[in-house]
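Here is a short tour for anyone opening this structure for the first time. Keep the 3D view handy and find each spot as you read.

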Amino acid sequence: MAPLESARRRLALLLLALVAGIGVLPGTAMAAPAPGQQLNAADMTLLNGVRLAGLWEMPAGQMAAEKGQSKRVREIGAEIARQHAVLDQLVVQAANKLGATLPTTPTTQQQGWLTEMQNATGARFDQIFVTRLRVAHGKIFPVIGAVRASTRDPIVRKLAEQANTFVNDHMTMLESTGLVRWQQLPPAALPPAQSDSLVAAAAANVGSGGGVQVSTTVVWAVFLLALLTGGYATWRILRRT
């Protein structure tokens, strides 16, 4: 009787485990992102990009307000410098809330642009000022849109909305000078076309936000395999008893 009683206890424990497994079986399993891990590379690209833009475009605007040949360039320079001061405060505040570290000096390339403007005068200065700033704004504009569409952090999302307004306004002002050389602007960098293949779908389910999705079909297949294995093991125990 002892072997039979032991087999019954094993069977009862197995059934209890299976019932518990059914009770917690989800339709879609997703691992929750760890707290404090919301910022990703795209978020930091936006924060750094907005900060760097202010570090060189504020002095560039002030330079244009002082030495621009045309009245329109002088007006635009003063306004862009003023608006970038406001935007710089917004990005610094956002970074402080997020605990992110921002650049404190322009890049080597941006410093070179400022030197180029310092050495130019008259109509040449106006052209360099408009060209450099319009190209720079055109490069960060799609970054702002991409981050706004995908970021999971509300602080970054709000900053993207604010930056979008400023950058669009600056491009409009620069274009109003009539000095933008459209044929020299870099072509738009479009993302690759999405694929409907199973591999692409699987890759899309493993995102950068820390959540891994598991197909319901896969979950049920694993569960049924465990059920069959357990049933077979139980049958062998009872048969041996």
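This is a predicted model: local features need pLDDT of at least 70, side-chain atom pairs count only at pLDDT 80 or more; totals for chains, interfaces and linings use all residues.

**Salt bridges**

How many salt bridges does a search of the whole structure find? The count is seven. Here are three of them, with the distance between N and O atoms.

| Pair | N to O distance |
|---|---|
| E75 and R72 | 3.6 Å |
| R134 and E175 | 2.9 Å |
| R148 and E161 | 2.8 Å |

Let's start with E75 and R72. Both sit in helix α3, which covers residues 71-98, and they are three residues apart, or about one turn of the helix. What about the surroundings of this pair? E75 has a relative accessible area of 38%, so it ends up partly exposed. R72 comes out as partly exposed too, with a value of 35%.

Next up is the salt bridge between the side chains of R134 and E175. Is R134 buried or exposed? Its relative accessibility is 11%, and the cut-off for buried is under 20%, so R134 counts as buried. E175, on the other hand, is partly exposed at 29% relative accessible area.

R148 and E161 also form a salt bridge, and again the two ends come from α5 and α6: R148 is in α5 and E161 is in α6, 13 residues apart. R148 has 34% relative accessibility and counts as partly exposed. For E161 the relative accessible area is 36%, which means partly exposed as well.

Back in the first group, there is a bit more going on.

**A glycine with no exposed surface**

Now find G61, in helix α2, which spans residues 41-67. Its relative accessible area is 0%, so G61 is buried. Which residues touch it, once the neighbours within four places in sequence are left aside? G61 is in contact with G77, A78, A81 and F129. Take A78 as an example: G61 and A78 are 17 residues apart in sequence, while their C-alpha atoms are 5.6 Å apart in space.

**Helices side by side**

How do α2 and α3 sit against each other? Their axes come within 7 Å and cross at roughly 155°. Angles over 145 degrees count as roughly antiparallel, and therefore α2 and α3 are roughly antiparallel to each other. The crossing of these two helices is left-handed. Sorted by class, the residues of this contact are 16 nonpolar, five polar and four charged.

Helix α4 (residues 108-118) packs with α5 at an angle of about 160°, and the axes of the two are 9 Å apart. That angle makes α4 and α5 roughly antiparallel to each other, and their crossing is left-handed. Which residues make the contact? On the α4 side they are W113, E116 and M117, and on the α5 side F125, I128, F129, R132 and L133. By class, that gives six nonpolar residues, two charged ones and no polar ones.

One name ties two of these stories together: F129 is in contact with G61, and F129 of α5 also takes part in the contact with α4.

Terms used:
Residues are numbered from 1 along each chain as its sequence is written. Side-chain values use heavy atoms; hydrogens and water are left out. A salt bridge is a side-chain nitrogen of Lys or Arg within 4 Å of a carboxyl oxygen of Asp or Glu. Helices (H or I, at least four residues) and strands (E, at least two) are DSSP runs, numbered from the N terminus. Buried means under 20% relative accessible area, exposed over 50%, partly exposed in between (1.4 Å probe, protein chains only). Contact means heavy atoms within 4.5 Å. Axes are lines fitted to C-alpha atoms, for helices over the stretch in contact, and angles run from 0 to 180 degrees between N-to-C directions. Angles under 35 degrees count as roughly parallel, over 145 as roughly antiparallel, 65 to 115 as roughly perpendicular and the rest as oblique. A crossing is left-handed if the near helix is turned anticlockwise from the far one by less than a right angle, and right-handed if clockwise. Ala, Val, Leu, Ile, Met, Phe, Trp, Tyr, Cys and Pro count as nonpolar, Asp, Glu, Lys and Arg as charged, and the others, Gly among them, as polar.
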